[in-house]
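Student: Could you take me through one part of this protein closely? I would like to see how that part sits among its surroundings.

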Amino acid sequence: MHIKKYNTRRSQQATNAKLSQLGPPWRRGIVQINPFVVVTSGDTFLLPHIKTHQKLYRHDQPLKPAMPAEKTHVNMVVIGHVDSGKSTTTGHLVYKCGGIDQRRLEKFEKAAAQMGKSSFKFAWVLDKLKAERERGITIDISLLKFNTQKYSMTIIDAPGHRDFIKNMITGTSQADVALLVVSAAKGEYEAGVSRSGQTREHALLAYTLGVKQIIVCVNKMDLTEPPYSQKRFDEVVRGVSGFLKKIGYDSATVPFVPISGWTGENMITATQKMPWFQGWKTRRREGNTSGRTLLEVLDSVQPPVRTINKPLRLPLQDVYKIGGVGTVPVGKIETGVLKPGMTLMFSPAKLTAEVKSIEMHHQGLETALPGHNVGFNIKNVSVKNLRRGDVAGNAQQDPPSDVSSFEAQVIILNHPGKLKTGYSPVLDCHTAHVTCRFAELKEKLDRRTGKKLEDHPQMLRSGDAATVKMVPIKPMCVESFFTYPPLGRFAARDLKQTVAVGVIKSVEKDHGSKFRAQVCK
């Protein structure tokens with residue numbers, strides 16, 4: 001493309017004069033105009049800064065056709081037991097969908113071979129930390145974008161190791177769909193579904209945190225005995241569909257896909273090595289779907305319903321300091337809309353700040369909608385003052401505030417003893433992990449019907465449901481499940497396992513926070 005670059009450091013008047021010299025096409029044939037690009041019938045002007053018009057380009061190429069309509073955005077988390085092949089499967093899928101080029105993959109392959117871990121080349125697409133590469137496990141969540149035929153997907157690779165389950169919960173709380181990776185290799189499937197395995201717990205946490213669509217990937221089919229064994233696949237499907245049903249998923253809506261994340265079997269194209277596999281089928285109210293490959297499953301998911309008309313709620317996943325840019329909080333917009341120039345209120349940090357710019361996957365956005373995983377630049381706020389678990393909202397429209405206590409409906413899942421008033425597990429709600437005390441056991445309920453069985457019970461055991469008043473030990477921002485569902489679900493963890501799940505019925509807001517808010521202009 002032939003581009004003429006006009007003077008970059010001219011005054012505003014000189015730039016305007018140049019525009020007027022260009023004559024009729026400029027005045028007559030404007031096709032599209034936005035703050036950065038003006039497209040005319042034969043000319044394109046890039047105006048990177050609308051106020052000063054510092055740069056002006058022109059090319060004499062004919063106009064390009066309009067961009068196709070934007071694809072629906074879906075967030076998918078990849079979960080499962082440690083070493084079930086989550087990062088390798090995800091990396092291979094992203095590579096095959098064109099999300100990473102051949103040169104970068106060859107670079108990873110060479111570096112992995114030098115460390116004696118050549119089988120980790122696909123995993124390294126997502127595992128970027130030095131410790132992750134040395135240990136061969138995922139530690140923190142990583143996000144990557146790729147496109148299917150129907151959707152633009154943000155894929156969230158979560159750690160499987162139980163020591164890093166906090167990070168897995170942070171990733172899962174941001175997802176619309178879960179991809180549960182189960183290893184079919186000898187001994188690995190059994191380890192994953194055992195009491196101490198992570199396959200069951202991850203599926204339970206996904207359901208608790210509101211991820212109602214789940215896809216099961218039966219991985220490592222090349223390592224079964226014999227390889228690509230139908231008997232082993234059927235055994236895994238029976239076991240996994242059994243416990244998914246107990247958790248609350250409808251087994252008719254869950255597709256099971258046999259794949260090999262390492263060799264790429266049945267990921268993009270139908271496999272020839274498993275002639276016995278007739279394809280997956282799902283039955284939903286919206287209609288039945290079927291197919292053979294993993295990519296077809298991803299295209300069959302139901303797009304989530306987004307709530308735009310509610311006030312903004314954006315739980316922070318992380319906060320970064322970027323040289324030359326400043327403080328950049330990152331998170332998924334749960335409800336509402338985020339735009340540059342908005343004044344945000346952060347709770348429980350009690351700060352307000354103005355949004356300078358918004359990016360998603362290194363591309364600028366003028367409007368960020370629910371479901372978008374975005375990073376946004378804010379003025380005059382230090383990284384030290386914000387942390388994972390804080391919630392951002394519009395300072396002018398129902399701003400978020402921390403809570404002094406809240407009432408929740410809780411189901412006790414697996415606790416070896418009796419729970420009494422004063423019990424303090426760690427609560428995982430959206431991206432926050434805060435210890436909360438059971439201040440008062442109000443009612444014991446029937447799990448099935450929700451009817452009241454007993455007032456002010458003395459204790460609770462595994463399997464009981466109850467209404468409980470809870471008090472966070474540190475400042476925490478949560479909302480009622482009925483007003484903001486994503487901020488009203490939680491899991492309670494203790495003894496390295498999930499002991500209870502619940503929803504928040506009502507919150508007692510800490511009203512002092514509004515008056516103590518520190519304003520940053």
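Tutor: Start with valine 182, which is found in strand E9, residues 177-183. Keep in mind that this is a predicted model. Is valine 182 buried or exposed? Valine 182 counts as buried, because its relative accessibility is 2%; the cut-off for buried is under 20%.

What surrounds valine 182, leaving aside its neighbours within four places in sequence? Its contacts are Tyr189, Thr199, Val216, Cys217, Val218, Asn219, Val236 and Val240. Space and sequence also part ways here. Valine 182 and glycine 80 are 102 residues apart along the chain, yet their C-alpha atoms are separated by 6.3 Å.

Helix H8 covers residues 198-208. How many of the 11 residues of H8 are buried? The count is 9, so H8 is mostly covered.

H8 has a partner, helix H9, residues 230-247. The two pack at an angle of about 35 degrees, and their axes are 10 Å apart. Their crossing is right-handed. Which residues make the contact? From H8 come Thr199, Arg200, Ala203, Leu204 and Tyr207. From H9 come Phe243, Leu244 and Ile247. By class, this contact has 6 nonpolar, 1 polar and 1 charged residues. Now look back at the H8 side of the contact, with Thr199, Ala203 and Tyr207 among its members.

Just after H8 comes glycine 210, with a positive phi of about 95 degrees. Arginine 489 lies in strand E26, residues 489-494. What is the nearest side chain of opposite charge to arginine 489? That is glutamate 334, 6.7 Å away. Arginine 489 is buried, yet it has no salt bridge.

Threonine 307 touches Glu334, along with Thr335, Gly336 and Pro370, not counting residues up to four places away in sequence. Threonine 307 sits in the loop between H10 and strand E14, which spans 314-322. Threonine 307 counts as partly exposed, because its relative accessibility is 30%.

Lys86, Ser87, Thr88, Thr89, Thr90, Gly91, His92, Leu93 and Val94 are the buried ones. What do the buried residues of H3 pack against? E9 is one of the elements, and strand E6 (72-79), strand E7 (142-147), strand E8 (151-157), strand E10 (213-219) and helix H10 (294-299) join it. Just after H3, glycine 98 takes a positive phi of about 85 degrees.

Strand E10 brings us to a last stop, the loop between E10 and H9. Lysine 220 has its place in that loop. Lysine 220 has a positive phi of about 60 degrees although it is not a glycine. Lysine 220 counts as buried, because its relative accessibility is 17%. Proline 226 lies in the loop between E10 and H9 too. A cis peptide bond joins glutamate 225 and proline 226, with omega about -10 degrees.

Now step back to the whole protein. It has 11 helices and 28 strands. Of its 521 residues, 51% count as buried. Among contacts with a separation of 6 or more, 68% are between residues 24 or more positions apart.

Definitions and conventions
Residues numbered from 1 in each chain as written. Predicted model: local features only at pLDDT ≥ 70, side-chain atom pairs only at ≥ 80, totals over all residues. Heavy atoms only, no water. Axes fitted to C-alpha atoms, helices over the stretch in contact; angles between N-to-C directions. Helix = DSSP H or I, 4+ residues; strand = E, 2+ residues; numbered from the N terminus. Left-handed = near helix turned anticlockwise from the far one by under 90°. Contact = heavy atoms within 4.5 Å. Nonpolar A, V, L, I, M, F, W, Y, C, P; charged D, E, K, R; others polar. Buried < 20%, exposed > 50% of the residue type's maximum accessible area, 1.4 Å probe, protein only. Lys, Arg positive; Asp, Glu negative; His and termini not counted. Salt bridge = Lys/Arg side-chain N within 4 Å of Asp/Glu carboxyl O.
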